[in-house]
Structures are given as C-alpha cells and as structure tokens.
Amino acid sequence: MIINTVPMILRYVRMQHGYSQKQIAEVLKTTPQQVWKYENEDPRYNQEIPTRHIITLAKFYQVSADYLLGLTDVPDPYPPSKSEM
C-alpha cells in the first residue's frame with residue numbers, strides 16, 4: 001500500500017508510534033472526533049489539519065512537517081533553528 005495522502009500519513013505515523021486518536025486529541029487539545037476527521041480520506045468527512053497541529057505533531061513524533069505533509073519520504077526532522085536552542 002502506498003501512503004501518499006495527508007490523512008493516510010497522519011494515521012500511519014500515529015499507529016506506528018502506538019497512539020490512539022484519543023491520545024493524539026489530548027496532545028492537540030482537541031477531540032478524538034476531530035482527529036478522526038484529519039485522518040479520514042472520504043471528502044464528505046475529511047477536514048484539513050491546521051498548521052499549528054502539523055507543527056505540534058512533527059515535534060511530538062520527532063519527524064519533519066514535510067514528512068507529515070507528504071512532501072518527502074524522509075521522516076527525519078530538520079536540525080533545530082538557533083532560536084530553539
């Protein structure tokens with residue numbers, strides 16, 4: 001199976017790390033139903049994930065935001081900026 005859409009990537013990374021939608025909802029300070037919408041590929045239910053949530057998840061999973069957005073197959077995070085050190 002090719003994992004190439006944002007909802008598929010979000011679900012794949014969450015499951016690879018062993019988290020439930022409820023646990024990720026707590027990290028994002030939202031509801032499990034909202035996480036379900038982010039991970040759902042059906043256009044009737046899918047909802048785009050806000051940038052702030054992508055950033056939070058990238059830091060939480062220790063992957064790059066580009067990886068979560070499907071812009072690269074390399075999950076490695078970028079080195080932190082000098083302002084984060």
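**Cut-offs at work in a helical model**

Trainee: Why does Glu39 count as buried?

Mentor: Its relative accessibility is 4%. Buried means under 20% relative accessible area, exposed over 50%, partly exposed in between (1.4 Å probe, protein chains only). So Glu39 is buried, because 4% is under 20%.

Trainee: What ground rules apply?

Mentor: The model is predicted, so local features need pLDDT of at least 70 and side-chain atom pairs 80 or more, while totals for chains, interfaces and linings use all residues. Residues count from 1 along each chain as its sequence is written, and side-chain values use heavy atoms, without hydrogens or water.

Trainee: Where does Glu39 lie, and what does it touch?

Mentor: Glu39 is in helix α3. Helices are DSSP runs (H or I, at least four residues; strands are E, at least two), numbered from the N terminus. Leaving aside neighbours within four places in sequence, Glu39 contacts Pro7, Leu10, Arg11, Arg14 and Gln21. Contact means heavy atoms within 4.5 Å.

Trainee: What makes Leu28 buried or exposed?

Mentor: Its relative accessibility is 7%. Leu28 is therefore buried, as 7% falls under 20%. Leu28 sits in helix α2. Beyond neighbours within four places, Leu28 touches Val35, Tyr38, His53, Thr56 and Leu57.

Trainee: How do you know how α2 and α4 are oriented?

Mentor: Take the axes of α2 (residues 21–28) and α4 (residues 51–61): they come within 10 Å and cross at roughly 115°. Axes are lines fitted to C-alpha atoms, for helices over the stretch in contact, with angles from 0 to 180 degrees between N-to-C directions. Under 35 degrees is roughly parallel, over 145 roughly antiparallel, 65 to 115 roughly perpendicular, the rest oblique. Therefore α2 is roughly perpendicular to α4.

Trainee: Which hand does that crossing have?

Mentor: α2 passes α4 in a right-handed crossing.

Trainee: What makes up the contact of α2 with α4?

Mentor: From α2 come Ile24, Val27 and Leu28. From α4 come His53, Thr56, Leu57, Phe60 and Tyr61. By class, that contact of α2 with α4 has six nonpolar, two polar and no charged residues. Ala, Val, Leu, Ile, Met, Phe, Trp, Tyr, Cys and Pro count as nonpolar, Asp, Glu, Lys and Arg as charged, and the others, Gly among them, as polar.

Trainee: Why is α2 called roughly perpendicular to α3?

Mentor: Their axes come within 8 Å and cross at roughly 100°. That angle is within 65 to 115, so α2 is roughly perpendicular to α3. On the α2 side, the contact uses Gln21, Lys22, Ile24, Ala25 and Leu28. On the α3 side are Pro32, Val35, Trp36, Tyr38 and Glu39. The classes in this contact of α2 with α3 are seven nonpolar, one polar and two charged residues.

Trainee: How many residues are in the largest nonpolar core?

Mentor: That core has 16 residues, and Leu10, Leu57 and Leu68 have the most contacts inside it. To belong, buried Ala, Val, Leu, Ile, Met, Phe, Trp, Tyr and Cys residues must be joined through side-chain atoms within 4.5 Å. The elements giving two or more residues are α1 (6–16), α2, α3 (32–39), α4 and α5 (65–68). α4 supplies the largest share, four residues.

Trainee: What does Leu10 touch?

Mentor: Not counting residues up to four places away, Leu10 touches Tyr38, Glu39, Ile49, Ile54, Leu57 and Leu68.

Trainee: Which loop holds Lys29, and is Lys29 buried or exposed?

Mentor: Lys29 is in the loop between α2 and α3. Its phi is positive, about 60°, although Lys29 is not a glycine. Its relative accessible area is 76%, over 50%, so Lys29 is exposed.

Trainee: What about Gln62?

Mentor: Gln62 lies in the loop between α4 and α5. Gln62 is not a glycine, yet has a positive phi of about 60°. At 61% relative accessible area, Gln62 is exposed. Just after α1, Gly18 has a positive phi of about 80°.

Trainee: What makes Asn4 exposed?

Mentor: Its 52% relative accessibility is over 50%, so Asn4 counts as exposed. Asn4 is in the segment before α1. Asn4 and Gly70 are 66 residues apart in sequence and 6.1 Å apart, C-alpha to C-alpha.

Note on methods. A crossing is left-handed if the near helix is turned anticlockwise from the far one by less than a right angle, and right-handed if clockwise.
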